[in-house]
Amino acid sequence: MEYKDYYKVMGVERDATQDEIKRAYRKLARKYHPDVSKAADAEARFKEVGEAYEVLKDPEKRAAYDQLGANWKAGQEFNAPPGWDAGFEFSGGGFDSDAGAYSDFFESLFGQFRAGGQGGYSGPGPRGSLHARGGDHHARVLIDLEDAMHGVTRSIKLQVPEVDARGHVTTRERVLNVRIPKGVKQGQHIRLAGQGSPGLGKGKPGDLYLEIEFNPHSIYRVDGRDVYLDVPVTPWEAALGAAIKVPTPAGTVDMKIKPGLANGSKLRLKGRGLPAGSSGNKPGDLYVVLQITLPPAATDKAKEIYRNMQQELDFNPRTRLGV
Amino acid sequence: MVQQKTGILNGIVLEDEVVMTLHELCDVCAVHAGFIAELVDEGVLEPAGVENSQWCFTGVSLHRVRTAKRLHQDLGVNLAGVALALELLDEVRLLRARLDRMAES
């Protein structure tokens, strides 16, 4: 087990006042709160800071922790010395957060004073009562655009922290096969009733929530149910109009381009985006964004054509700049 | 580590399919009705129905209440602050998505 330097985690000196510790905690909690921060390690950092504060905010726990000595380095191999907490009185209870949120290091020092709890950061459920609803679990599922077109079955592995009779936390792996329905959108949640933590006593089990996230696609961009696609066209197609082939998530279609369209013009293919969801809402649209692409002047023939245009066309693209 | 397998589970899409009463929302989010009523007062939640007993919440509310609860508990933000934070977080999400799209093209 590794020693944790709670003062370093909080970024305060060992002789910091309780007020300084509280201020440091508030600042770090805002910075790393998983609802606020997009950093990949935000949740881990938030838990780490919460654990450090749990110890340092409580003068009894802080004194006991300090008594381990100042010579330990973060990450150093650590075993709680026998009888390390002799002479310290803990008021008991008073854990704000939940089991599974704390490190082995914390558990070895303070775990025996726990009253029992649930997994996940700030999972719900009244504590102390005999019957309580189990905690909810959250997981994120990455799917492809194609999966949302047709629906897909995904295997989801969950690490479930469990508290045994002696208050130790172990991890159990659960594998769930979940059908992701056709027409889900980025950021939507799928609720699997009763797949969270078991309830206490006669309490109902919690639910499992899956947040849908799309893998970036090589050619499509997704906005809600609408899909955007950049389509390169030649200058003569844009100028004269044309019929071109365009890929859509449901297969290739023929599209007419009117003459005289500018670069960046958006053309809508109604209903060709993501399909309607389960409640019968409308399917999304596909927006084709024209990208006028110039042929390279790589051959003598091409250079001659460009030179002809230069001589024959009276065209100044910079009139709006006044030059 | 023990592995446990199950058959294929069918979930429901929260945002599209779920409609909840005040009581159900309280139960699922493990909050008091007063907390929900305050969020309605702040305009964070907009249930259908005039009186508390007739309130109907969509699935989106569930996510909002849970986030509100975490911000309130973990950061000590009052509910007016929570309402502001939720609005700003929504805006940040939109802007980030737009930025990603621009970075791609």
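pLDDT is the predictor's confidence in each residue, on a scale from 0 to 100. Hello everyone, and let's begin with that score, since what we have here is a predicted model, where local features need pLDDT of at least 70, side-chain atom pairs count only at pLDDT 80 or more, and totals for chains, interfaces and linings use all residues. Residues are numbered from 1 along each chain as its sequence is written, while chains are lettered from A and ligands numbered from 1 in the order in which they are written.

Chain A has an average pLDDT of 82, and 83% of its residues score at least 70.

Now to the elements, by which I mean DSSP runs numbered from the N terminus: helices are H or I of at least four residues, strands are E of at least two.

Which residues of helix 2 of chain A are buried? They are A:Ile21, A:Ala24, A:Tyr25, A:Leu28 and A:Tyr32. Because they cover an arc of only 105° around the axis, they sit on the same side of helix 2 of chain A; the arc is taken from the directions from the helix axis to the C-beta atoms. Buried means 20 or more other C-beta atoms within 10 Å of a residue's own, exposed means 12 or fewer, and partly exposed is in between, with C-beta atoms placed from the backbone. Helix 1 (6-10) and helix 3 (42-56) of chain A are included in what covers these buried residues.

How do the two chains meet? The contact takes 35 residues from chain A and 30 residues from chain B. On the side of chain A that touches chain B, helix 2, strand 3 (169-180) and strand 4 (189-192) of chain A each supply at least two residues. Strand 3 of chain A gives the largest share of that side, nine residues.

Last stop: A:Gly251, in the loop between strand 8 and strand 9 (253-257) of chain A. Is A:Gly251 buried or exposed? A:Gly251 counts as exposed, because it has 7 C-beta neighbours inside 10 Å. A:Arg272 is 21 residues away from A:Gly251 in sequence, and 9.6 Å in space, C-alpha to C-alpha.

Terms used
Contact = placed C-beta atoms within 7 Å.
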